[in-house]
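Have the picture ready as you read.

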Amino acid sequence: MNRTLREDLHALAEQAPTVDLAAQAVRGARRRRAARRAVVAAAVTCLVALGGGAMLLQVRPTPPIVLVPPETKALPLPAKGVGPVEQAFRPGCVGSSCTGSPWQIVTRQGDTYQLGKEATGPLEVTADGRRIAYYSSKHRGIVVRDLASGKTWQAPLKQPAKDFAVEYALRLSPNGLRFVVSGLGDRREPNKLVDVERGTVTNLKRGWWPVSVSDGSGPVVLAKPYDMTSQVWVLGHNPITIRDFTYYYSSLAPDGQTLARLGQTVDRNRQPMVQRDGSLVTFSAMRADRENRTSISGLPEGLHPSRLGSWLNATEVTVLAVPESPGGTGPVVYAVDVRTGKSRELFAVRKDGLNVVPGLVR
């Protein structure tokens, strides 16, 4: 039988079951959507049962909010009621560029105060931190101030501000009412012993640098390096010669006779030829007969002794240790036992600008 292709296709269509394809497609889509909903519901149920831990892994945590505390501004120095000073500083000051920059003081309790604009010259603090002495442009001289009571004393010596535009020293007695003020580098080069209570000014020989000043009529110690040696002179006694060229002395010990200095090593094959060797030397300021030397121990790596200051008691002297290289840790003040060399930390010194440590010999 000879049939056409169209007839064969028609015959096959008649044998197939009747199907609504559109409805079937809709039903299929509904089944697939329902299946996806069931899977999602099951997954959520599982996450809830697990405490949501898996879900947390999918969420990026919100960065924490870091609050930067505002910079603390120094308060004006109160008229009275201020505790002992730990240190004083001039932020951002280096050398002669400090002209006009205000001084700030930090008490042992951590309070920070700023002095007025008239205190733009040198400033020193007594060893106990209870009094400050500063150059007042208003009074054209040194003013001593008791921080607790607010009482002030004006020195009986008028000085122009240019006296302090060069290298200078202001060495105070323990109560601050007797001091030596010196200047090097200009034509005048003042070097004077001032007694505020008695109202007297005594001229000292040029070239002698102040090391220690006692209260009342007590000893005054000066020093003068020369060539490879130095001389130490207690006024009223003959100068003695020591074998180190150095400015690095302590004040007088409580016995009124003993001084300490930083020890040195001389190596003519190295530059600089004279180097501080980390030792501490004690000797009599009036007799060049015997010395005791001990190595300073307990300083952290990277710090070396740089300056000496006042005595805390009969056996401990203050030592300022500074970093060996720029960018290291800041300077730190230590107490060092002159018998054993053992050191203990007192406080860290601020790194920004010019610093003053109470009682430090500079």
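Q: Which residues line the largest cavity, and what makes them lining residues?
A: The lining consists of Ser182, Gly183, Leu184, Glu189, Pro190, Asn191, Arg206, Gly207, Trp208 and Trp209. A cavity is a set of points, on a 1 Å grid over the protein atoms alone, where a 1.4 Å probe fits but cannot get out, and lining residues have an atom within 4 Å of a point. The model is predicted: local features need pLDDT of at least 70, side-chain atom pairs count only at pLDDT 80 or more, and totals for chains, interfaces and linings use all residues. Residues are numbered from 1 along each chain as its sequence is written, and side-chain values use heavy atoms, leaving out hydrogens and water.

Q: Which strand gives the largest share of that lining?
A: Strand E10 (residues 178-184) does, with 3 residues. Strands (E, at least two residues) and helices (H or I, at least four) are DSSP runs, numbered from the N terminus. The chain has 3 helices and 24 strands.

Q: How much space lies in the largest cavity?
A: About 50 Å³. A volume is the space filled by probe spheres set on the grid points, which are joined across faces, edges and corners. The search of the whole structure finds 2 cavities of 30 Å³ or more.

Q: Why is Thr282 called buried?
A: Buried means under 20% relative accessible area, exposed over 50%, and partly exposed in between (1.4 Å probe, protein chains only). Thr282 has 11% relative accessibility, so Thr282 counts as buried. Thr282 belongs to strand E18 (residues 274-284).

Q: Why does Asp337 get the label buried?
A: Asp337 has a relative accessible area of 10%, so Asp337 is buried too. You can find Asp337 in strand E22 (residues 332-337). Across the chain, buried residues make up 40% of the 362 residues.

Q: What does Asp337 touch, and what makes something a contact?
A: Contact means heavy atoms within 4.5 Å. Not counting residues up to four places away in sequence, Asp337 touches Thr315, Glu316 and Lys342. With the same exclusion, the residues that Thr282 touches include Thr258, Trp311 and Val338.

Q: How do you know that Arg261 lies over the face of Phe283?
A: A charge sits over a ring if NZ of Lys or CZ of Arg is within 6 Å of the ring centre and within 35 degrees of the ring normal. Arg261 is at 5.0 Å from the ring centre of Phe283 and lies over its face.

How values were computed
1 Å grid on protein atoms, 1.4 Å probe; cavity = no way out; pocket = protein on both sides within 12 Å on 5 of 7 lines; lining within 4 Å.
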